Amino acid sequence: MKSRSEWVHLKKNSELLLLLMPGALLVFVFSYLPMFGTVLAFKDFRYDKGFWGSDWIGFDNFRFFFISDNAWLITRNTVGYGLIYMLLTTVIALAFAMLMNEMGKKWLRIHQTAMFIPYCLSWVVVSYLALALLDSSNGYLNKVLELFGMETHMWYLETKPWPYILVSAYLWKNIGFSTLVYFAGIMGINQEYYEAAKIDGASRWQMATRVTLPMLSTLIVVLLILAIGHIFVGDFGLHYFIPNNNGMTFPTTDIIDTYVFRALRVYGDIGMSTAIGVYQSAVGLVLVIAANYVVRKINEENSLF
């Protein structure tokens, strides 16, 4: 009887399942099939011996990475940037979303368009905009510093300014999308809550802090849990193209993703690159489960699973 009822349920939702198929196929091909490649993290891969014929070396690829000088540096940079991006994006996007909720429709459309356009630009395009700003000879930023009698900088040869430059570039490009997500969440809040608050004499600030934020708490927590899982997955485009892959800036710009790409391109070491990728994915999975466990302990309704 149970199998019959499941078949009836599937048949009833066949059109929805058909719509799901392209997305599910995409995830299977690009997210699940490549998992077979993780076996290379435990092998001394050689092209002449192939995928299955290469020698099994256990955790040597992981050991080679962790005893190198770069392991701490790129792990620190990846986690540090990930935390800053996650926290600043959440706070600023929430603030912008609540401000947009107070705007008229005409200004709302203008702000939505202006904030969303950077999200559609590729990091390659943004890197040329950054070059126009930061070029040591003809960059606009040095021209402005000269105008005010301040010291100019060789931006692409210095390490200290890059945390500020990368964080600014990330927020400029991504804050619009996150703002729209939170704004969509605000639009879903029942307007009767606001009307009741107005009748009770609540100010705009009180409505924002005592109605909007509590009603968005589930959305905020879910997005934070997902973001925590990506702390170990750095933004390759941002950290590769904006500093122009300049070795002088590596101490403050290099992350796991750019290190893996360079290891593959320069050294062709597929085993070590795969080992770093496995390490990245495993820590990301642990972080998601741990964050969800903590949230579940605090408030079960806000947990992701």
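This is a predicted model: local features need pLDDT of at least 70, side-chain atom pairs count only at pLDDT 80 or more; totals for chains, interfaces and linings use all residues.
**Helix packing**

Helix H14 spans residues 256-267, and helix H15 spans residues 270-298. Their axes lie 8 Å apart, at an angle of about 165 degrees. H14 is therefore roughly antiparallel to H15, since angles over 145 degrees count as such. The crossing of H14 past H15 is left-handed. H14 contributes Ile 256, Asp 257, Tyr 259, Val 260, Ala 263 and Leu 264 to the contact. H15 contributes Ile 270, Met 272, Ser 273, Ile 276, Tyr 279 and Gln 280. By class, the contact residues of H14 with H15 are 9 nonpolar, 2 polar and 1 charged.

**Salt bridges**

The whole structure holds 5 salt bridges. Among them are the following pairs.

| Pair | N to O distance |
|---|---|
| Asp 55 and Lys 49 | 3.1 Å |
| Arg 63 and Asp 60 | 2.5 Å |
| Glu 102 and Arg 204 | 2.8 Å |

Asp 55 is partly exposed, at 38% relative accessibility.

Arg 63 and Asp 60 both sit in helix H4 (residues 60-66). They are 3 residues apart, so about one helical turn separates them. Asp 60 is partly exposed, with 36% relative accessibility.

The side chains of Glu 102 and Arg 204 also meet in a salt bridge. This pair links distant parts of the chain, 102 residues apart. Glu 102 lies in the loop between helix H5 (70-100) and helix H6 (105-120). Arg 204 belongs to helix H11 (residues 204-229). Glu 102 is partly exposed at 43% relative accessibility, whereas Arg 204 counts as exposed at 54%.

How values were computed:
Residues are numbered from 1 along each chain as its sequence is written. Side-chain values use heavy atoms; hydrogens and water are left out. Axes are lines fitted to C-alpha atoms, for helices over the stretch in contact, and angles run from 0 to 180 degrees between N-to-C directions. Helices (H or I, at least four residues) and strands (E, at least two) are DSSP runs, numbered from the N terminus. Angles under 35 degrees count as roughly parallel, over 145 as roughly antiparallel, 65 to 115 as roughly perpendicular and the rest as oblique. A crossing is left-handed if the near helix is turned anticlockwise from the far one by less than a right angle, and right-handed if clockwise. Contact means heavy atoms within 4.5 Å. Ala, Val, Leu, Ile, Met, Phe, Trp, Tyr, Cys and Pro count as nonpolar, Asp, Glu, Lys and Arg as charged, and the others, Gly among them, as polar. A salt bridge is a side-chain nitrogen of Lys or Arg within 4 Å of a carboxyl oxygen of Asp or Glu. Buried means under 20% relative accessible area, exposed over 50%, partly exposed in between (1.4 Å probe, protein chains only).
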